Amino acid sequence: MNTWQRFKNSYLFYNFKQDPIAIGSFCVLLVLVVISILAPVVVPHDTYDTATIDIMDAETPPVWMEDGNENFMLGTDIQGRDLLSTMIFGLRVSLIIGVGAVLFQAFLGILVGLLAGYFGGKLDAFLMRIADIQFSIPYLIVAIFTSAIFKLAFGVGRWEELALPLLIIIIGMSEWPKYARTVRASVLGEKNKEYVEAARVIGISGWRIILRHILPNTLTPVLVLSTIQVANAVMSEAALSFLGLGMPITKPSLGSLIRSGFEYIFSGSWWITFFPGVLLVIFILVVLLLGDWLRDVLNPKLYKG
Amino acid sequence: MFAFIIRRIIQAVFVMLVISLVGFSIQHSIGDPVRDLVGERVTPAERAVIRDRLGLNDPFYVQYFRFVKNACKGDLGLSFFYKKPALEVIVSKAPATLELVIATALILIVVSIPAGIYAAIYPKSWLSRIVMAVSTVGVAIPVFLTAIALIYFFSVELNWLPSYGRGETVNIWGWESGFFTWDGLKHLILPSVSLSTIMLPLFIRLVRAEMMEILETEYIKFAWAKGLRRERVWFVHAFKNTLLPVITIFGVELGILVAFTILTESVFNWHGMGFMFIEAVERSDTSLLVAYLVVVGAIFVVINTVVDIVYGFVNPTVRIAGRK
């Protein structure tokens with residue numbers, strides 16, 4: 001039986017077919033991800049190319065309203081960029097930061113969790129104390145502080161150039177304790193089981209046991225956590241950008257688009273805020289729904305609240 | 001128990017030292033106390049003299065000890081923009097943030113407890129289903145979007161409520177309060193409603209889950225069997241025991257609300273601590289930034305320590321688990 005066959009007969013796939021919410025969320029997520037990966041090809045206007053932008057087009061309303069322009073389906077933003085294209089690029093930026101931050105925090109947290117759980121003792125106490133300290137302060141505060149400090153340290157110009165990688169690092173740094181705790185808990189559950197003992201008896205090195213034997217058995221909770229963390233990271237990024245501590249308006253994420261539109265909401269240009277906002281909410285919602293579904297399927301014992 | 005309290009307090013002091021070390025390193029590497037003191041129109045030679053006199057050429061650890069010593073006396077440096085001690089600036093902004101958090105907490109209690117109880121008592125009714133669906137979607141909506149939507153409907157379209165600032169305030173023993181004027185209360189509505197939407201879905205779910213669990217217990221079945229009135233079973237027998245876990249989580253989440261005030265305050269131009277923080281970033285006011293870091297860190301440490309100790313009283317497993 002090849003992998004596809006095995007997947008088709010699995011409990012996971014069976015459950016997926018039974019759940020209309022999961023199927024719907026997955027389809028929407030797939031569409032959003034494909035669009036943002038293919039962004040440079042599918043957008044009607046290349047908004048990163050400043051030569052194509054005309055400030056005279058600024059604040060054009062969506063096409064079905066009065067003064068709408070067929071060229072710009074959802075209207076334009078304050079700089080005259082096509083809103084739909086800017087949103088697609090924004091989603092792409094948000095996604096890159098979200099996924100990047102989750103990969104970074106997962107790497108950091110899994111490493112710490114494995115070390116702390118497997119070796120125990122002083123190392124465990126030390127690492128977990130750090131995690132506890134950071135955990136006692138809300139991650140959003142940590143992210144806001146670090147980005148504020150980075151922004152001051154680098155200066156506004158340098159910050160705008162480096163915003164993307166820095167945001168990945170900042171959001172990753174602010175959330176790693178969650179992974180560390182989850183992984184450590186499952187390592188503690190696994191490390192005294194017989195297969196680990198057996199591996200140790202035949203003389204396999206510690207690192208190999210950790211990576212090849214224990215790590216695969218801790219991945220289920222990590223997978224569930226990661227789905228929810230992607231939504232969290234995208235939300236943090238949007239919050240940071242909204243505060244002006246995230247992506248600059250020249251390369252906007254959804255959050256910075258919402259921020260730029262907010263100033264014009266009083267003059268009635270609601271669409272600059274509305275459409276990116278809706279896109280952001282849809283994305284976060286489908287990821288959260290999928291995460292809930294995954295958690296229920298992989299962990300049936302969990303109380304469904 | 002005594003040992004547990006001591007251990008928690010030592011831990012709290014240690015965390016505060018870490019936070020102050022982080023704060024001081026920031027100030028040391030990107031701040032410029034000389035500029036904060038005399039501005040930018042002073043010759044380099046004079047600057048060097050001032051630097052020396054302030055002890056800025058001392059080794060790092062000497063300066064750090066001085067920082068901690070001053071911080072213990074309540075001196076967190078001078079704000080460059082306000083030309084006042086940073087702590088004084090923060091204290092003057094604190095009432096605005098606190099009032100916002102208090103109003104939000106009131107909304108949370110008044111809405112989430114009845115909604116959660118209703119959803120638990122009638123889990124199949126259409127109203128409960130709507131409440132649960134809305135709270136699922138609500139989790140996915142960032143607070144600043146809720147805030148903007150509220151502003152758009154109630155301020156821009158309907159023009160019912162103000163969207164900017166705190167309105168008229170009265171000074172009561174040095175506390176700038178918006179609670180006692182009609183205008184101040186009107187200004188408070190939109191910010192506190194939008195801030196409460198962050199926690200509302202979570203709380204409704206929490207109250208509902210706890211209540212449902214308790215309605216399944218033996219003593220509730222016994223109460224039914226005794227033939228008590230429905231209201232008495234729900235609100236006296238079941239509700240009382242729902243309250244304890246809810247209150248504990250409420251205490252912790254209140255701290256998290258402080259974090260989200262930064263977002264809400266910046267949308268509504270609410271001149272509290274969060275708004276001041278964003279302004280301080282834009283003005284490169286490093287001392288104020290560091291002071292805010294230390295103050296907010298202290299707030300969290302105090303809340304966590306108190307909650308832990310209270311929890312240690314209520315639940316003995318907590319204080320035994322830490323003992324090795």
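Two residues are taken to be in contact if their C-beta atoms, placed from the backbone, lie within 7 Å.

## Model and conventions

This is a predicted model, in which local features need pLDDT of at least 70 and side-chain atom pairs count only at pLDDT 80 or more, while totals for chains, interfaces and linings use all residues. Residues are numbered from 1 along each chain as its sequence is written, and chains are lettered from A and ligands numbered from 1 in the order in which they are written.

The pLDDT, the predictor's confidence in each residue on a scale from 0 to 100, averages 82 in chain A, where 89% of the residues score at least 70. Among the elements of chain A, helix H5(A) has the highest mean pLDDT (89) and helix H4 (residues 39–42) the lowest (75).

## Chain B

Chain B contains 13 helices and 2 strands; these are DSSP runs numbered from the N terminus, with helices (H or I) of at least four residues and strands (E) of at least two. Among contacts in chain B between residues at least 6 apart in sequence, 70% join residues at least 24 apart. Of the 324 residues in chain B, 33% are buried. A residue is buried if 20 or more other C-beta atoms lie within 10 Å of its own, exposed if 12 or fewer, and partly exposed in between.

B:Thr242 belongs to helix H10 (residues 230–268) of chain B and counts as buried because it has 24 C-beta neighbours inside 10 Å. Leaving aside neighbours within four places in sequence, B:Thr242 is in contact with B:Val207, B:Glu210, B:Met211 and B:Ile214. By contrast, helix H9 (residues 218–225) of chain B has 0 of its 8 residues buried, so it lies largely in the open. H9(B) is followed by B:Gly227, which has a positive phi, near 80°.

## Contact between the chains

The contact takes 31 residues from chain A and 32 residues from chain B. On the side of chain A that touches chain B, H7(A) gives the most, with 9 residues. By class, this side has 26 nonpolar, 4 polar and 1 charged residues; Ala, Val, Leu, Ile, Met, Phe, Trp, Tyr, Cys and Pro count as nonpolar, Asp, Glu, Lys and Arg as charged, and the others, Gly among them, as polar.

## Nonpolar core

A nonpolar core is a set of buried Ala, Val, Leu, Ile, Met, Phe, Trp, Tyr and Cys residues joined through C-beta atoms within 7 Å. The largest has 142 residues, of which A:Ile144, A:Ala239, A:Ile284, B:Phe144, B:Leu263 and B:Tyr292 touch the most other members. Helix H5 (residues 83–119) of chain A gives the most to this core, with 18 residues.

Not counting residues up to four places away in sequence, A:Ile284 touches A:Ala231, A:Val234, A:Met235 and B:Ala140.
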